[in-house]
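Here's a quick briefing to read alongside the coordinates. Have the viewer open and we'll go through the fold topic by topic.

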Amino acid sequence: MGIQGDAVIDVLFTELIIKYLKSQKKDRIIGKYYPSELPWCLRKIYYDYTIGKDKDLESKLVMVSGTLMHSFISDVLKFARSEGINAQSEVEYEYEKDGIIISGKADNVILLRSENDENTYVVEIKSKSKLPDEPRIEHIMQLNFYLHFNPNAKGYLLYITRDGFNMRAFEVNYNEELFEKLVDRAIILHNHIINNTLPDAEYWHGECLKCPYRNICFSVKKSLNSQS
Ligand code: SF4
């Protein structure tokens with residue numbers, strides 16, 4: 001096939017991928033929030049619920065590669081069961097307070113209990129382009145939510161590189177205070193959404209460069225500055 005034919009296939013597949021990803025998008029329900037999102041910029045989540053812009057294709061494809069990684073790990077765990085290891089994936093956790101639900105999608109939480117090892121492990125897997133020296137607090141908060149339902153379990157954040165499958169694990173113990181902080185963030189976010197007020201911009205998470213709302217977010221900052 002010539003260069004022109006290659007380009008046609010490229011465009012066709014890119015369009016199909018975009019359409020497929022759009023068809024998979026789930027509507028958000030006000031009052032239901034996710035432990036994978038709550039530790040990050042609350043203003044961005046607020047916009048997700050009120051404006052609902054799509055991520056750019058590059059960010060979506062990074063998410064797809066993460067999903068593929070989790071699906072592979074899930075297959076490995078199915079195999080582990082045939083080896084006598086009690087492993088589960090896709091465990092769902094839900095916490096309710098004052099009518100607000102925090103629901104863990106938990107497609108990447110694994111409970112492991114082997115015959116020779118009575119410990120239960122809750123492992124949160126993160127696929128990355130490179131291994132971090134320290135775990136991110138946002139990831140710790142997410143794992144901590146799952147540990148709330150397994151307080152005696154050993155928690156691990158397992159970072160895996162997307163190309164090469166290099167791994168680094170960090171142990172995380174359950175922290176009640178951190179759990180309450182996550183719940184508080186859900187309540188703060190919910191109040192902003194139902195009262196139609198904008199949460200503070202939390203730039204320090206480092207998401208701004210790829211945030212689909214950065215123009216509107218930065219223009220709010222400018223208009224606030226210009227009023228002062
Ligand atoms: S641009 Fe940054 S601070 Fe503003 S909503 Fe997005 S992530 Fe938050």
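Helices and strands here are DSSP runs, a helix (H or I) having at least four residues and a strand (E) at least two, with numbering from the N terminus. On that basis the protein has 6 helices and 8 strands. Keep in mind that this is a predicted model.

**Overall layout**
- Reading from the N terminus, the elements go α-β-α-α-β-β-β-β-β-α-β-β-α-α.
- The protein has 228 residues, and 21% of them count as buried.
- Take the contacts with a separation of 6 or more: 65% of these come from residues 24 or more positions apart.

- β1 pairs with β4 (residues 100–104) in the parallel sense, over 2 bridges.

**The β7–β8 hairpin**
- Strands β7 (residues 154–161) and β8 (residues 167–172) run antiparallel, joined by 6 bridges.
- L157 has F170 in β8 as its bridge partner.
- There are 5 residues between the two strands of this hairpin, and G164 takes a positive phi near 110°.

**Helix α3**
- Just after α3 comes G84, with a positive phi of about 85°.

**How α4 and α5 pack**
- A helix pair like this is described by the angle between the axes and the distance between them.
- Helix α4 (residues 137–148) packs with α5 at an angle of about 105°, and the axes are 9 Å apart.
- Angles of 65 to 115 degrees count as roughly perpendicular, so that is how α4 and α5 stand to each other.
- On the α4 side the contact is made by M141, N144, F145 and H148, and on the α5 side by L178, F179 and L182.
- What kinds of residues make up this contact of α4 with α5? They divide into 5 nonpolar and 2 polar, with no charged ones.

Technical notes:
Residues numbered from 1 in each chain as written. Predicted model: local features only at pLDDT ≥ 70, side-chain atom pairs only at ≥ 80, totals over all residues. Pairing = 2+ DSSP bridges. Buried ≥ 20, exposed ≤ 12 C-beta atoms within 10 Å, placed from the backbone. Contact = placed C-beta atoms within 7 Å. Axes fitted to C-alpha atoms, helices over the stretch in contact; angles between N-to-C directions. Parallel < 35°, antiparallel > 145°, perpendicular 65-115°, else oblique. Nonpolar A, V, L, I, M, F, W, Y, C, P; charged D, E, K, R; others polar.
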